[in-house]
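I opened my notebook to record, step by step, what I looked up in this structure. The entries follow the order in which I went through it.

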Amino acid sequence: MLIHALWFLGHCAFEKTATPATLLFQGFVFAMVGLGLWFLSKLQSQILARFGIVAVGVLIFELFTAPMWRNAHLGEWAYLYHDVSWILTIGWSILFLGVVEIVDKLLPRWREWKRFLLYLGVLILLTLPLEMWVVNINVRSYAPEVLDSLSGLTIANVPIELVYYVPVFAGLVIGFYKYWGFVLEDTLLIPLKKIRWARGIAMTALAIFMFEVMVEPMVVNAGFPSWSFIFHDISVIMTGIWVGVIAITALLVYRLFPHYPIATRFILALSICTAIALPIEYALFVSGIRVYGPSTMANFSGFNIPVINAPIEIAFAIPCYMALVIGLVRYWEIALDNRL
């Protein structure tokens with residue numbers, strides 16, 4: 001309990017002052033972003049727009065998962081919200097974008113699924129030494145709930161679970177980027193004649209389950225029956241609820257807006273999905289079925305919605321969560337339907 005209490009105090013008032021080691025790290029990030037954008041501009045068009053899309057995906061993920069870790073010692077100028085740093089956002093973004101565009105350039109004849117797996121494999125190898133660096137210069141530390149959920153196996157102070165976290169993180173962001181890449185490139189796509197329900201539900205369930213495993217330390221599913229737990233406290237009922245919400249959303253968008261541009265369909269889907277999911281999440285929170293962990297509660301601003309007395313941040317977390325899941329699933333549906 002003492003460790004948890006110290007974390008909460010540190011999380012609310014973390015040390016922002018930069019050190020020589022963190023300034024060196026930031027110089028490295030700036031250099032890589034500059035060189036990366038220059039190099040990638042030789043390979044691909046609209047590179048700044050592409051970098052921006054990846055950065056939005058990374059930032060959405062960082063905002064949603066902020067309670068899981070603390071990023072310190074990056075300087076007062078480096079933070080956007082609490083300890084979410086734009087330095088790390090652009091660093092992740094150039095890494096993801098670089099791997100995707102270089103692999104696509106080198107292996108254009110490969111099917112999408114083969115290249116996607118290669119993206120993730122390369123990123124695991126590249127990310128491990130970088131995570132070791134930020135951990136050992138005291139930029140990165142992990143919430144007590146995260147540490148409690150880990151096996152305890154580490155490589156140079158980095159949890160071995162990184163080999164799971166990175167592909168989930170990267171997969172969501174790359175799926176989001178690839179979906180919006182269709183918009184950016186104005187790709188000619190085969191129109192969807194019917195919803196392939198079995199495939200869509202399977203992909204959505206897998207995406208949600210893998211995301212839930214990663215962010216498990218943030219929230220406890222305390223009110224579900226024990227038989228429903230499939231991994232720790234991840235409930236098949238909760239997963240099923242989110243799959244159902246996304247399925248209803250897909251049906252409404254398909255029926256009501258079949259000929260809208262894919263960018264508009266994404267915005268409509270996200271709006272509908274949020275409108276359905278948000279009351280459900282608030283109801284589960286108020287009833288005590290979903291219990292947010294201490295680190296998550298400490299990360300909230302303290303502003304609550306009147307009457308139900310629930311954190312306002314939930315209203316922002318739901319669309320962040322759904323944007324990444326919908327982007328990933330829609331990307332794969334388009335890729336499979338168009339035999340990419």
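This is a predicted model: local features need pLDDT of at least 70, side-chain atom pairs count only at pLDDT 80 or more; totals for chains, interfaces and linings use all residues.

Entry 1, helix α9. At 1.5 Å a residue, its 21 residues should span 30 Å, and because the C-alpha atoms at its ends are 30 Å apart, the expectation and the model agree. I then looked up which residues of α9 are buried, and found Met238, Thr239, Trp242, Val243, Val245, Ile246, Ala247, Thr249, Val253 and Tyr254. Among the elements that cover these buried residues I noted α8 (197-214), α10 and α12, together with the strands β7 (219-221), β9 (234-235) and β10 (290-292).

Entry 2, α9 with α10. Two packed helices are described by the angle between their axes and by the distance between those axes. For α9 (residues 236-256) and α10 (residues 262-286) I read an angle of about 145 degrees, with the axes 9 Å apart. The crossing of these two helices is right-handed. On the α9 side the contact includes Met238, Trp242 and Val245, and on the α10 side it includes Leu268, Ile272 and Ile276. By class, I listed 16 nonpolar residues, one polar and two charged in this contact.

I repeated the length check on α2 (residues 20-43), whose 24 residues reach 35 Å from the first C-alpha to the last, close to the 34 Å expected at 1.5 Å a residue. Its buried residues are Thr22, Phe25, Gln26, Val29, Val33, Gly36, Leu37 and Leu40, and what covers them includes α3 (47-65), α4 (86-106) and α5 (112-136).

Is glycine 302 buried or exposed? I found this residue in the loop between α11 (294-299) and β11 (304-305). With a relative accessible area of 56%, glycine 302 is exposed, because exposed means over 50%. Finally, I noted that its C-alpha atom and that of isoleucine 312, 10 residues apart along the chain, are separated by 8.2 Å.

Conventions
Residues are numbered from 1 along each chain as its sequence is written. Side-chain values use heavy atoms; hydrogens and water are left out. Axes are lines fitted to C-alpha atoms, for helices over the stretch in contact, and angles run from 0 to 180 degrees between N-to-C directions. Helices (H or I, at least four residues) and strands (E, at least two) are DSSP runs, numbered from the N terminus. A crossing is left-handed if the near helix is turned anticlockwise from the far one by less than a right angle, and right-handed if clockwise. Contact means heavy atoms within 4.5 Å. Ala, Val, Leu, Ile, Met, Phe, Trp, Tyr, Cys and Pro count as nonpolar, Asp, Glu, Lys and Arg as charged, and the others, Gly among them, as polar. The expected span of a helix is 1.5 Å times one less than its number of residues. Buried means under 20% relative accessible area, exposed over 50%, partly exposed in between (1.4 Å probe, protein chains only).
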